[in-house]
Amino acid sequence: TLTQKRPFLAASMWGFMRWSLIVAVGLLLGLGWQHLFPRQAVDAYHQGVAYLEDGNIAAAISKFNQAIELDNQFAQAYWGRGEAFMALGEYETAVANFDRVVALHPITFPSIYAYRAAAYTQMGNYPAAIADYETLLSLNPEDDLRRLALDSIHILQTAQ
């Protein structure tokens, strides 16, 4: 056969096949990742955000659940799910989701403390809400968040 008489041809063909396979996989993963795997956590999260903005809370929760199933370390998905439960008035469930965000990223997202404090306020747990606002202040937030925290602490202390 031809490859027995010319071993270079067999080696070249094998090398070419490996190189072609590497290039094809690289292109598929690099260029078409989003299209090949539409159920990625980020896609589900973005769909959940869109549903939440449209007021379709049940669909939003479903998409956030899907994102969390795909990546249980996806803090923003827990946050979105917490916001959805806040919209339903399920404050304890919202707090549990916000707790997960805090556990994953205690200082990365300072505003999560304002969200959790709002849920605690709705539950009537003013000491926990005040503690969250104080934590928020300790993280040196932007001026708007700082003002919100200071005003909220004053209001909650007066309400106690």
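Trainee: I've got the structure open. How do α5 and α6 cross, left-handed or right-handed?

Mentor: The crossing of α5 and α6 is left-handed. Keep in mind that this is a predicted model.

Trainee: How do I describe a pair of helices like that?

Mentor: Two packed helices are described by the angle between their axes and the distance between the axes. Here, helix α5 covers residues 75-87 and helix α6 covers residues 91-104. Their axes come within 8 Å and cross at roughly 160 degrees. Angles over 145 degrees count as roughly antiparallel, so α5 is roughly antiparallel to α6.

Trainee: Which residues of α5 meet α6?

Mentor: On the α5 side you'll find Ala-75, Tyr-78, Trp-79, Arg-81, Gly-82, Glu-83, Phe-85 and Met-86. Their partners in α6 include Tyr-91, Phe-98, Val-101 and Leu-104. Sorted by kind, the residues of this contact are 10 nonpolar, 3 polar and 3 charged.

Trainee: What does Val-101 touch, leaving out residues up to four places away in sequence?

Mentor: Val-101 touches Ala-75, Tyr-78, Trp-79, Phe-109 and Ile-112.

Trainee: One last thing: where does Asn-140 lie?

Mentor: Asn-140 sits in the loop between α8 (126-138) and α9 (143-159). Its phi is positive, about 50 degrees, although Asn-140 is not a glycine. Asn-140 is also exposed, with a relative accessible area of 62%.

Key: Residues numbered from 1 in each chain as written. Predicted model: local features only at pLDDT ≥ 70, side-chain atom pairs only at ≥ 80, totals over all residues. Heavy atoms only, no water. Helix = DSSP H or I, 4+ residues; strand = E, 2+ residues; numbered from the N terminus. Buried < 20%, exposed > 50% of the residue type's maximum accessible area, 1.4 Å probe, protein only. Axes fitted to C-alpha atoms, helices over the stretch in contact; angles between N-to-C directions. Parallel < 35°, antiparallel > 145°, perpendicular 65-115°, else oblique. Left-handed = near helix turned anticlockwise from the far one by under 90°. Contact = heavy atoms within 4.5 Å. Nonpolar A, V, L, I, M, F, W, Y, C, P; charged D, E, K, R; others polar.
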